[in-house]
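Colleague: Please take a close look at one part of this model: the charged pairs and what surrounds them.

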Amino acid sequence: RRSGKALDEAPKFVKSGDSCVARLAPQKPMCVEAFSDYAPLGRFAVRDMRQTVAVGVIKTSEKKEAGGGKVTKAAQKKK
């Protein structure tokens with residue numbers, strides 16, 4: 001049964017079959033979009049030890065300016 005009510009404000013874990021809204025921060029840069037804007041880039045899967053432990057859709061994402069990363073020789077020539 002899905003009532004839409006919050007069972008717990010800050011749970012330590014989510015059981016199988018439950019849903020939640022979580023904030024994820026990737027370790028490396030990645031290309032994503034909100035599911036409503038572009039569905040193929042709006043889905044994600046979390047894997048641990050070659051097992052899928054979570055799947056979901058991206059509601060929103062925070063855009064960061066490009067830069068600060070490694071610049072290839074081809075990109076330097078283009079400038």
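Modeller: Glu 33 is partly exposed, because its relative accessible area is 26%, between the cut-offs of 20% and 50%. This is a predicted model. Glu 33 forms a salt bridge with Lys 63. The closest N and O atoms of that pair are 3.5 Å apart, within the 4 Å limit for a salt bridge. The pair links distant parts of the chain. Glu 33 sits in the segment before β1, and Lys 63 lies in the loop between β2 and α1. They are 30 residues apart. Lys 63 counts as exposed, because its relative accessibility is 62%.

By this rule the count comes to two salt bridges. Arg 23 and Glu 62 also meet through their side chains in a salt bridge, at 2.3 Å from N to O. This pair, too, links distant parts of the chain. Arg 23 belongs to the segment before β1. Glu 62 belongs to the loop between β2 (51–57) and α1 (73–78). The two are 39 residues apart. Both Arg 23 and Glu 62 are exposed. Side chains of opposite charge can pair when their charged atoms come close.

Now the nonpolar surface. Leu 24, Val 46 and Val 53 form a nonpolar patch there. Together they have about 260 Å² of accessible area. Val 46 is placed in strand β1, residues 43–48. Val 46 counts as partly exposed, because its relative accessibility is 31%.

Key
Residues are numbered from 1 along each chain as its sequence is written. This is a predicted model: local features need pLDDT of at least 70, side-chain atom pairs count only at pLDDT 80 or more; totals for chains, interfaces and linings use all residues. Side-chain values use heavy atoms; hydrogens and water are left out. Patches are made of residues with over 30% relative accessible area and no salt bridge: like charges are joined within 9 Å, nonpolar side chains (Val, Leu, Ile, Met, Phe, Trp, Tyr) within 5 Å. Accessible areas come from the Shrake-Rupley method with a 1.4 Å probe; for residues, only the protein chains shown count as cover. Helices (H or I, at least four residues) and strands (E, at least two) are DSSP runs, numbered from the N terminus. Buried means under 20% relative accessible area, exposed over 50%, partly exposed in between (1.4 Å probe, protein chains only).
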